[in-house]
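Me: I am new to this structure. Please take one part and go through it closely, in short sentences.

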Amino acid sequence: MDFLNAFNNLQNRLFALQVVQMPKRKQFTLKDVSAHCTEADCWMVVKDVVYDLTEFMREHPGGSDIMLEYAGTDATMAFSDKPHSLDAWTILEKYIVGELIPEERMFDTKSSS
């Protein structure tokens, strides 16, 4: 269990560094994200960052069905609860389209660095 906690802490720190390094992103509301909830147009939020994962759906090792379950929503808990490698976190980077507006964020990434 200690390994998992250390691994999750590392993921969180790496993620926080990525967010801090990219201060000017387009901002979206959860309502904006909810409009992208199909296999042909799939956006998700993970730790307050908005991703367009439409192109990745076919490549996802768990299949597109599991991703479609969370399309248009905040998938932070689902993504964090399943075992994802550091590579998975890195893959997410290329699909970033923006971030949630400050009023809807649940993570204070700037203070965790």
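Me: Which aromatic pairs does the structure hold, and where do their residues sit in the chain?

Reply: This is a predicted model. The structure holds three aromatic pairs. Two of them are described here.

Start with Phe56 and Tyr95. Their rings lie 5.8 Å apart, centre to centre. Phe56 counts as buried because its relative accessible area is 13%, under the 20% cut-off. Tyr95 is buried too, at 10% relative accessibility.

Now take Phe79 and Trp89. This pair is edge-to-face, with 90 degrees between the planes. The centres are 4.7 Å apart. Again, distant parts of the chain are linked: Phe79 is in helix α4 and Trp89 is in helix α5, ten residues apart. Phe79 has 14% relative accessibility, so it counts as buried. Trp89 is at 7%, so it is buried as well.

Strand β4 covers residues 49-52 and runs antiparallel to β3, joined by four bridges. Trp43 stands opposite Asp52 in β4. Two residues lie between the strands in this hairpin, where Lys47 takes a positive phi near 50 degrees. Strand β3 itself is mostly covered, with five of its six residues buried.

Note on methods:
Residues are numbered from 1 along each chain as its sequence is written. This is a predicted model: local features need pLDDT of at least 70, side-chain atom pairs count only at pLDDT 80 or more; totals for chains, interfaces and linings use all residues. Side-chain values use heavy atoms; hydrogens and water are left out. Buried means under 20% relative accessible area, exposed over 50%, partly exposed in between (1.4 Å probe, protein chains only). Two strands pair if DSSP finds at least two bridges between them. Rings of Phe, Tyr and Trp (its six-membered ring) pair if their centres lie within 6.5 Å; planes under 30 degrees apart count as stacked, over 60 as edge-to-face and the rest as tilted.
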